[in-house]
Amino acid sequence: MSTVVASSGVAGTASALRRLYFVRFAFAIVWAAVMLPMASKLNPVVVTLLVLYPLFDVGAAVYDARVSRSTGSPVLLYVNVAVSLVTAVGLGVACASGIPAVLRVWGAWAVVAGLVQLIVAVPRRSMGGQWPMILSGGISVLAGGSFIASAGADDPSLSSAVGYAIPGAVFFLISALRLGRASRDGN
């Protein structure tokens, strides 16, 4: 009987994560499409979009923690919630100082959030669809370092930080598609 409960827990979690990953894919693509043409300077719309991105991550992590309780501890997801909330505030403050400050905050967030994503995805491998999340987490760490380094460039731009959302979106889409089997089979 415990095998049936465990299987349905994994299948339910996989199905919920699949839906979440599709939503995250759509959000990131739309966000990048709206943000990219405006990435050359900070204005109220850009500031709002920059702050919105980590706030969306907060909502996604809360949802993930709620639906994945049966497959492991949500502690790291709550760490991600805290980090993303601090990032949203930090971005709001950094926007007053200019693009280099924004890139430093965005980069630090990408490093920490990438590490959390990587650490959360590794034990979920048995659920399926997590290799793209593992790769995405590792790439996020590297990208975050590059954002921090690019803040010192002669003419720093937000375009690389905005472009960062697109591969992340693709990884969420691939994971969602791969989780389809686990949500149907319970494996």
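Entry 1, the pocket. I checked which helix gives the most to the lining of the largest pocket: H4, with seven residues. My helices are DSSP runs of H or I, at least four residues, numbered from the N terminus. Before going on, I noted that this is a predicted model, where local features need pLDDT of at least 70 and side-chain atom pairs 80 or more, while totals for linings use all residues. Residues are numbered from 1 along each chain, and side-chain values use heavy atoms, without hydrogens or water.

A pocket here is an open set of points on a 1 Å grid where a 1.4 Å probe fits, with protein on both sides within 12 Å along at least five of seven lines; lining residues have an atom within 4 Å of a point. I found 34 lining residues, with Arg24, Asp57, Gln117, Ser136 and Phe172 nearest the centre. The space inside is about 540 Å³, counted as what probe spheres set on the points fill. I sorted the lining by class and got 23 nonpolar, seven polar and four charged residues.

I located Gly59 in helix H2 (residues 44-67). Its relative accessible area is 41%, so I wrote "partly exposed", the class between buried (under 20%) and exposed (over 50%), using a 1.4 Å probe and protein chains only. The C-alpha atoms of Gly59 and Val81 are 7.9 Å apart, although 22 residues separate them along the chain.

I placed Ile166 in helix H7. Ile166 is partly exposed too, because its relative accessible area is 36%.

Key:
Helix = DSSP H or I, 4+ residues; strand = E, 2+ residues; numbered from the N terminus. Nonpolar A, V, L, I, M, F, W, Y, C, P; charged D, E, K, R; others polar.
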